[in-house]
Amino acid sequence: MKFIISLITLISFTCFAQATTWDGRIFNAKSRLEIFQDEYIRELSKYKVIVLGEKHYTPAVQYAQEQTIRNVVAFTNKSGAFTTAWEFLNVTAQNETDRLFNQVKSKEITAENFIESTQGKKDSGYASVIEATADLKGNLLGTNLSREEKKPVTENGIGALDPKLLPPDFDYGTRGYYERFELVMSGHATPEQIKNYYDSQCLVDDTIAYHLLKDSTNTLNFLIAGSFHTDFYDGAVHRMKSRQPGIKIVTVKIIDASDFEESELLGEMHSEQYGDVADYVYFVNNPISK
């Protein structure tokens, strides 16, 4: 009898531990149902562009991105025929990106060396993404402008940008996008500054959209960008859909659960005002313990 009671206690404890472990859990945001990793990979593999909205400089987030890239490429058999587009690389430095990335592929330098050369800092998890793309013989694409190139916009608005850097048919995000941006920036800048910062934000979104669609010839593409650029199908996602109506695009938001209490996590998938934050929500780490 004592053995049976002990066994029941052990099973109960195990089930509780599994239920409260969030690291690696994936949800379909529309249905609010949890899915297994194999279903997640199978579903993503149906799309041309897989958007991985991230929290920057969070190794567990970047590890989830690396694993997604490796598993989708393996499932689709697209080794040598895919592109990883990254917000932290600039379109105007693509030749240098290609030169350094070719050295990673040929093992002349490491992925960590690539990060130090292009980002001016030591790795914070992104080397795993670069290494995965190199191992699988993918292309690496810059989708942003440098801080210096964007500086005139943050200071004086979109009209101050060098015209040759403006994507053709440039446009802004939705009204809801501006509302969310204004809310985040409120108290940190004047109304005029917020307008200029929003111009810069939308410039990044449209630069991502334009160059990913124009510069990648592959039918499988991963976009790694800060989640504000991708949340609620706005920002860069909105601009890609506008530029190429009917494009097969799927969005994933990778959330660091340690930023939240457990009771808050499921609420991060949906907003009553703006809808689903993404098609899939992928949690890493575990929530705050009270």
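Modeller: The protein contains 11 helices and 10 strands, where helices (H or I, at least four residues) and strands (E, at least two) are DSSP runs numbered from the N terminus. This is a predicted model, in which local features need pLDDT of at least 70 and side-chain atom pairs count only at pLDDT 80 or more, while totals for chains, interfaces and linings use all residues. Residues are numbered from 1 along each chain as its sequence is written, and side-chain values use heavy atoms, with hydrogens and water left out.

The part to look at is strand S6, residues 221-226, which is mostly covered, with 6 of its 6 residues buried; buried means under 20% relative accessible area, exposed over 50%, and partly exposed in between, with a 1.4 Å probe and protein chains only. Across the protein, 48% of the 290 residues count as buried.

Strand S6 pairs in the parallel sense with strand S3 (residues 49-54) over 6 bridges, two strands being paired if DSSP finds at least two bridges between them. Within that pairing, Leu52 has Ile224 of S6 as its bridge partner. Strand S4 (residues 83-90) also pairs with S6 in the parallel sense, over 4 bridges, and here Thr84 has Phe222 in S6 as its bridge partner.

As for the setting, 80% of the contacts between residues at least 6 apart in sequence join residues at least 24 apart, a contact meaning heavy atoms within 4.5 Å. The C-alpha atoms fill a box of roughly 80 × 50 × 40 Å, taken along the principal axes.
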